[in-house]
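Student: I have a structure to look at and would like to know what stands behind the terms used for it. Please go through them with me.

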Amino acid sequence: LASAASCYVKERLHTSSVLNDMIFFRRDRSVGSIDESLFSPLYSLLVSEGKAVCDSDKSVQERLCSALYGLKVLIVIDGADGIENEMCRFFRCVFEKAAGVHFLLTAERQIGFMSSCVVEKAISIDPLDHSSAVKLFEAICPHTESNSGVLDFLPTCPENSFRNAETVRCGIRSSITRAICSGIPSQIVEAAQNTTRQDYDDLVALGTN
C-alpha cells in the first residue's frame, strides 16, 4: 500500500495536480452494504476531521460528494474488490463536483472501471517476500517480543505448514501461516491484529522445539 501511494504521489510531482491532504480508509469487506462498509464510515471520518458537517437530509453518497467539494485530497481506499459498479456511480458524482479529489484504490486483483467518468491507471504491486511478510506481522502483532525475527522459522508456503495437529491448532495455521504466505499486506495485518497471546506463544514455542 505504501509502495502504491509512493508511486502515485511521485508521478504527480511533475504534474499540475495539487494535493493538500491524504486520507486513508480501510473498507470492512465483511459488511454487505457498500453504504455501511465504505460511504457512511468515510463520511463520518470526514466529519471527525472537520472536513464535513453532519447532514441527514441527503443520501450518504450525496453528503459525501458535497463534503469533498473544494478539497484537494488523495483518498486511499484499501479493499476495493468487488465494488466497481457502485464506485463508478460514486465517482461520477464526485468528479462533477470535486475535481481536486483523487482516489487510490487497493485490491487483490486489477479493478476495471468501464466508464468515461473514470481515468484509471493500475499500479501492480508484487506480494511481500517471506522475510518482509514476517517482519510486517511482527510489527503489527501486539504480542511480539522485543527480539525481532523470532518467527523467521515459519514455513514459506501453506502446504509446508506444521504437521503436528496436536501442537498447532488449525486456526493458527489458517489465520497466521496462510496470511504470511500470501504476502498480501492487508491479510497479514488482519491476521496480526486478531492473533491472541496464546496463538503467539504457541508459534514461538514451535520454533524452540
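The talk below takes up the terms one by one.

Tutor: This is a predicted model, in which local features need pLDDT of at least 70, side-chain atom pairs count only at pLDDT 80 or more, and totals for chains, interfaces and linings use all residues. Residues are numbered from 1 along each chain as its sequence is written, and side-chain values use heavy atoms, with hydrogens and water left out.

Student: How many helices and strands does the protein have?

Tutor: The protein has eight helices and three strands. Helices (H or I, at least four residues) and strands (E, at least two) are DSSP runs, numbered from the N terminus. In that direction the order is α-β-α-α-β-α-β-α-α-α-α.

Student: Why is Cys65 called buried?

Tutor: Buried means under 20% relative accessible area, exposed over 50%, and partly exposed in between (1.4 Å probe, protein chains only). Cys65 has a relative accessible area of 1%, so Cys65 is buried. Cys88, at 10%, is therefore buried as well.

Student: And is Cys93 buried or partly exposed?

Tutor: Cys93 has a relative accessible area of 23%, so Cys93 is partly exposed.

Student: What makes Cys65 and Cys93 a disulfide?

Tutor: A disulfide is a pair of cysteine sulfur atoms within 2.5 Å. From Cys65 to Cys93 the S to S distance is 2.5 Å, and a disulfide joins them. This pair links distant parts of the chain, with Cys65 in helix 3 and Cys93 in helix 4, 28 residues apart. By this rule the count is one disulfide.

Student: Which residues of helix 3 are buried?

Tutor: In helix 3 (residues 60-68), the buried residues are Val60, Leu64, Cys65, Ala67 and Leu68. They fall within an arc of 160° seen down the helix axis, so they line one face of helix 3. The arc is that of the directions from the helix axis to the C-beta atoms.

Student: What do the buried residues of helix 3 pack against?

Tutor: They pack against helix 2 (34-48), strand 2 (73-78), helix 4 (84-97) and strand 3 (101-106). Contact means heavy atoms within 4.5 Å.

Student: Where does pLDDT stay under 50?

Tutor: pLDDT is the predictor's confidence in each residue, from 0 to 100. Its value stays under 50 over residues 161-171. Where pLDDT is low, the predicted coordinates should not be read in detail. For the protein the mean is 76, and 73% of the residues reach 70 or more.
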